[in-house]
Amino acid sequence: MIAPKRILTEEMVARIEALAPRYPNRRALTLPAIHIVNAELRHVPLEAVAEIAGVLGLAPAEVQDTLTFYQFFHQEKPHGKVRAFVCRSVSCALRGGDQLLEQLCHKNGIEPYGTTPDGELTIEPAECLGACDFAPCILANDDLLKNMTPETAEAALRQPRAKAT
Amino acid sequence: MQPFKPVLLEAVGVPDGNTLASYKSRGGYAPLEQTLAGRQSADVVEMVKSSGLRGRGGAGFSTGLKWTFLPKDHPGPIYLCVNADESEPGTFNNRILMEDDPHQVIEGIILSSFATRASTAYIYLRYEYPTAWHRLQAAIDEAYAAGYLGKNIRGSGFSLDIYLHRGAAAYICGEETGLIESLEGKRAWPRIKPPFPAIEGLFRKPTVVNNIETMACVAQIARRGVDWFKSIGVPADPNNPRDPGSYGPKLYCLSGHVEKPGCYEAPLGITARELIDHFGGGVWRGRRAKAVIPGGISMGLMTESELDTPLDFAGPGRVGCLGLGTAAVVVIDDQTSIVDFLHNSCRFFAHESCGQCTPCREGTSWSLRMLERIKAGKGRLKDLDLLAEIGNTMGMMPGSTICGLADGAAWPIKNAIKKFRGEFEDHIKRTNPSGWMVTDPVPALQIVGAH
Amino acid sequence: MPVVIVDGQEIEIGADERLNCIEAARRAGAEIPHYCWHPGLSVVASCRMCLIETGQRDAASGKITMVPKLVPGCQTPVKDGTVIVTKSDLVTSSRARVEEALLIDHPIDCPICDKAGECLLQDYHFQHGQAERRADLHPFTSRKRDVGPTVTLFVDRCIMCTRCVRFTREVAGTAELMVTSRGAKEEIDVFPGFPLDNKLSGNVVDVCPVGALGDKDFLYQQRVWFLKREANVCGGCSAGCSIYTEHNQDTVYRLKPRENPQVNAWWICDEGRYGWHHLHDPARLVEAGRRRPAERGRPTEYEPVEWADLVVRLRDDLTRAGRLAVAVSPMLTVEEAWMLCAVARSIDPQAYLAVGHLPTTDSDETFPGGFTIRAEKCPNRRGVEAVVALFDPAVHGWSDLLAHVGGGNADAAWITAGYPTSGRGPWIDTETAATFANLSCLVVQDMFDTPLSQLASWRLPAAGFAERAGTWVNVAHRAQAFEQAIRPPAGVWPEGRLFWNMLGRRGLYDPSAVRRQLAESASLAALAGEIPAHGVDLRIHQLA
């Protein structure tokens, strides 16, 4: 059942409501609202989905339907403080993207989409990051890591990094 | 080759080139001021129409003509959606435009909104471009502060708001009605057409969806003129009244097995070989090209012997590719297995298929599973026939699907099997000596984390 | 009149009709297969099973220009000159491929799946599919997911037509069902804690073309090919939704909505859908009985009476008793109501006739798609009122009857009831029943024991809705006729048969004969002749 404790803070709700004048209806706030919660919590638990639905006047199933479509939002627990998307599309794959993902996961002892036990790092495959000029590349929070090798990537991912926007 | 002085990319490498001040120092926003001061919306539509500008997002439809599909005298609101979802593998030109010259894009958006009488422009920006997000927002804020956005811009009576709307890593949001559904807060299942967005689009109002690079072109056409634009590229074939020509400069993305991957601006119509050799430093490591993607992975493959095909809107189609697409050229060298390439393509499309219509949802999934099996050494010759059949029957063009993702998924399959069948057959026979000839169904592989 | 050409055959359609190709082709006898299209839901054209070839015939030259690719029939409107081709190689192979695609991961559960025998996937496979599997072989998963109190989801059988999701969003307005994930991994689900529990939930099982959605009430109860069905009308409320009663060997197994554009479109509510269990409730009264005089220390007993004897003995008792009051139940058909009034007046020409108790809940409930559940939980108030009016323009009601009997103005009463059990308890309480305690002859005709039947001199079993033939008139004055589906238990005579015999009529009870007689009155003139499948509005004939 849905926990009675509020997950969405006043601040989050205020930021959602601040976007309302941009759109002619509440439903269009769905993805922006999900992003606002995700940016703070690094995941969007089911309780938050139900609260977002309440704020927007939608059924929880409608919000969850939209959310799960993107195959992007973690829901069960937060992803790592650094979320590393390793590109596996054609241009990066031609320059070692698949091997980069495999070796990075192996070095960190996790499966793709997994998070290290210390909660610091999540490694996920991504489709074309639009940085084929720097293939193979990784998007780590807001930072594009260019021309990566397994060694340079491992070092780069351990650098302190601002949280994702 | 004549060197081409970048226009769309003129701000690249310029310190603080993304600021309003820098843009104005290069002549920016003067065209907007002049337009708002003395021209009508219809004038701008006519300007873009006569320039021969064709959309840069992949479909290549005449931009000015698309604008005329909007209903006349509609009470509004009319919306402009700017497609910044750039997710076609191999493509990154929009990223560079947004990061390095956001004001060029914004001026184009304001001019286009003025032309179409849109009151709100949403830039649907893919999640994976955080730098572009920050730079665009900063530029939008500068534009509001300078009075180029908001109510009654420069006293013209024209008002416009531009809002950034962030995506969440789904390729199908680059399809215009998938984008619209996503913006409306729903799953991004493209809509059936008719009705077309110009009649019933975002929030069921008349809507135009245009690409980022197209917007930049509009700004440059307004600044440098229709004649300038038409002096670049490939003129329309005078013997073919239906050929709209391929005018203007184009941003070509070059990546894969080349020495110098990058985004290069050139007149429409340069060939793949010219792009690779003159801009890209040639195929890397002294190797030869086995296959080249002409315009993003959806367009299929050209063989090495087809590299002299001009990369304009008509060229790639003549060698059996889907079209120019995003003009993102990806080079595959002769030491790369074509099986690996096709597996990568099938994996991408199976992951990105929105799932609403049967042939694409099941066809992309089935083709991936066959490629997984072929890669694992359990392929059959019959699989090539099945893949060719899927390639030939799934898509908007045969009419079997709602949107063009399926055509994009089909073309690499069709081209790869047709143009590289020998390599597939060799691979299959070599890796599955005991089973390549089996025609009855075989057990599936255990798929571990396929997508 | 616009002409549409279907497989070379010309058919005319109405000038104002808006048809898609599926509807138009059907008129020509060509059934275009489809999963996701439903006339009551938005068009999504996603299953791609209805792909056909279309074209246009030029009105002047007669030249036909075909569209060079397949188009979905469901999203293509027809106009004058539309050409539809449903049988070409292109269409045939497209359908075969859609079938193949849907069967790649579909568990072949037919032997354990409720839908077998009425499954579109099965039917289209045989009609349009290919004979052999070409996709890899793998073990199938067939997961069950509880999505609500009335419906079970067999997740892997789903073909993603999204009819169920669209139903909950567009018709019920409750949006409990959702699609999750993307691509070939998509599944139907509900949000945890928000189950599918709206009052129209059972309709999603009807719209599901395959066995993905199972009705918990019907699951594993009966194979559909054993079921026979009768066109019937729901007796749950005054909406009078058209239904089919599906039964075998005098047992009802389920009710399904019957399409009626004038009443319920394609839907029925859950209370109506599942409102048949009372027919087989062991607590039903099944024996006609005459109360024996009470003996000291012994509980009241009823002496069973043969129905044939009842015809005479009941009349004698009532005649002997004196002043008669009758409650004409709104559960009775129009024909039964008329015969009851006629019988009553033949026993006592001054018999006080009243419309029986009207069970009512708080208020009507209208759903966003337009469907309305009525607060009045009986099917034939309008019909009974119209009949009683023929005998007594005052048209007394139940409270009038209570006052009449309570005021000592009657010596005998015949209370017809026949209300099904509901979660709402007996339809009459002890206090109200006491109004009838001192009558010398009290006849109670009902399905279940109540405080009133405990007091009855004559306790007669009533028939249920599926056990009678006749006509009901709904809240919107629409008269609908229906056939009898099952026989009542244990030789119970439905009211119609009893009243017919008490009127001295010969042969088997024939509701249409009674209707013809009724139709001689102006207010019921619409009942003359065959009543069409969608019923007839009683007010129409009043205008003439």
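Predicted model: local features only at pLDDT ≥ 70, side-chain atom pairs only at ≥ 80, totals over all residues.
Me: What makes residues of chain A and chain B count as being in contact?
Reply: The cut-off is within 7 Å between C-beta atoms placed from the backbone. By that test, 33 residues of chain A are in contact with 42 residues of chain B.

Me: Which helices of chain A give two or more residues to the side that touches chain B?
Reply: They are H2 (30-41), H4 (60-69) and H5 (90-93) of chain A. By class, this side has 19 nonpolar, eight polar and six charged residues.

Me: How many residues does each chain give to the contact between chain B and chain C?
Reply: Chain B gives 28 residues, and chain C gives 28 residues. On the chain B side, helices H13 (338-352), H14 (358-375) and H15 (381-393) each give two or more. H14(B) has the largest share, with eight residues.

Me: How do you know that chain A is divided into domains?
Reply: The bounds come from an automatic or database domain assignment. Domain 1 spans 10-69 and domain 2 spans 82-157 of chain A. Their C-alpha centres lie 29 Å apart.

Me: What is the predictor's confidence in chain C, and in the complex?
Reply: The mean pLDDT of chain C is 95, on a scale from 0 to 100. Of its residues, 98% reach 70 or more. The complex has an ipTM of 0.97 and a pTM of 0.96.

Definitions and conventions:
Residues numbered from 1 in each chain as written. Chains lettered and ligands numbered in written order. Contact = placed C-beta atoms within 7 Å. Helix = DSSP H or I, 4+ residues; strand = E, 2+ residues; numbered from the N terminus. Nonpolar A, V, L, I, M, F, W, Y, C, P; charged D, E, K, R; others polar.
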